[in-house]
Amino acid sequence: VGFMQITGHGIAASTLSGFTAATDAFFALDAPAKAAYRCPPGINRGYTPPTAESLANSLGLASAADLFEAINVGTSVADFPGLDLPEDVYAANVYPAEVPGFRPAVTAWFEAAGQVARTMVRIFGMALGGREDYFESFTDHSIDVLRMNSYRLPVPGVQMEKDQLGMGAHTDYGIVTVLWADKVPGLEIHGADGNWHPVMPADGALLVNLGDATARWTNEQWISTLHRVAPPRVNGTLVPRRSAAYFHDG
């Protein structure tokens, strides 16, 4: 299914704890404060409020709006001086002033997750082309984005729509995604049997899935994972869930 879990990635526990503390503090802000960090349409940076997206629509599937809220950071024009890159794609980041430690904590995780993603791409290069630098010319100014997600009902006591998901079914666009997630139910992957299968992160593991670019480059021999997030429930009760996806898009 193009999906795996990895351990031994070497990211320090303190890097993760600092990162989750910073993102928790941001998502705990009131709605107007978070809304101040929304970016214009087409700019994949900043804040996305709950029910603003329906990712299943990207596959032509009818779906209710997704429950998650998110904030994105990524590589920017300033990271690659002299290349004259498009500023709408390599957009500037916005960082919440209300959370003073947000930028350094998120930057530390961005760099650590990015190192894991690049290590995976070197492994892929050995598997597919026999050398670690096989994909180097496609990744020297990668469009990398970190999306930090929080899953919870937008308003306490609100009723969900029929078939509403935490995040609708979709595949990722790029080469590889490195995902940290709480050990909370919700994440599901679509198997060759046509059914949805739950995935629970192992202790200390990062979840890794392949994207559409890798599927295309391998003529679909390596699969871009179709996945979704069901409303996270424990014993029938909705519970909070957090995740952070690092998209290495080449």
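Is Arg131 buried, partly exposed or exposed? I looked it up: Arg131 is partly exposed, at 43% relative accessibility (buried is under 20% relative accessible area, exposed over 50%, partly exposed in between, with a 1.4 Å probe and protein chains only).

I note that this is a predicted model, where local features need pLDDT of at least 70, side-chain atom pairs count only at pLDDT 80 or more, and totals for chains, interfaces and linings use all residues. Residues are numbered from 1 along each chain as its sequence is written, and side-chain values use heavy atoms, without hydrogens and water.

**Salt bridges**

I searched the whole structure and found seven salt bridges (a side-chain nitrogen of Lys or Arg within 4 Å of a carboxyl oxygen of Asp or Glu). Arg131 pairs with Asp133, with the closest N and O atoms 2.7 Å apart. Asp133 is partly exposed at 38%.

Next I checked Glu132. Its partner is Arg122, at 3.6 Å between the closest N and O atoms. Glu132 has 48% relative accessibility and counts as partly exposed. Arg122 is partly exposed too, at 31%.

Then I took Arg242 and Asp24. Their closest N and O atoms are 2.9 Å apart. Arg242 is partly exposed at 24%, and Asp24 is partly exposed at 34%. I also found Asp24, Asp182 and Arg242 linked in a network of salt bridges.

**Phe27**

Phe27 is buried, with a relative accessible area of 6%. The C-alpha atoms of Phe27 and Tyr47 are 9.9 Å apart, and the two residues lie 20 residues apart along the chain.
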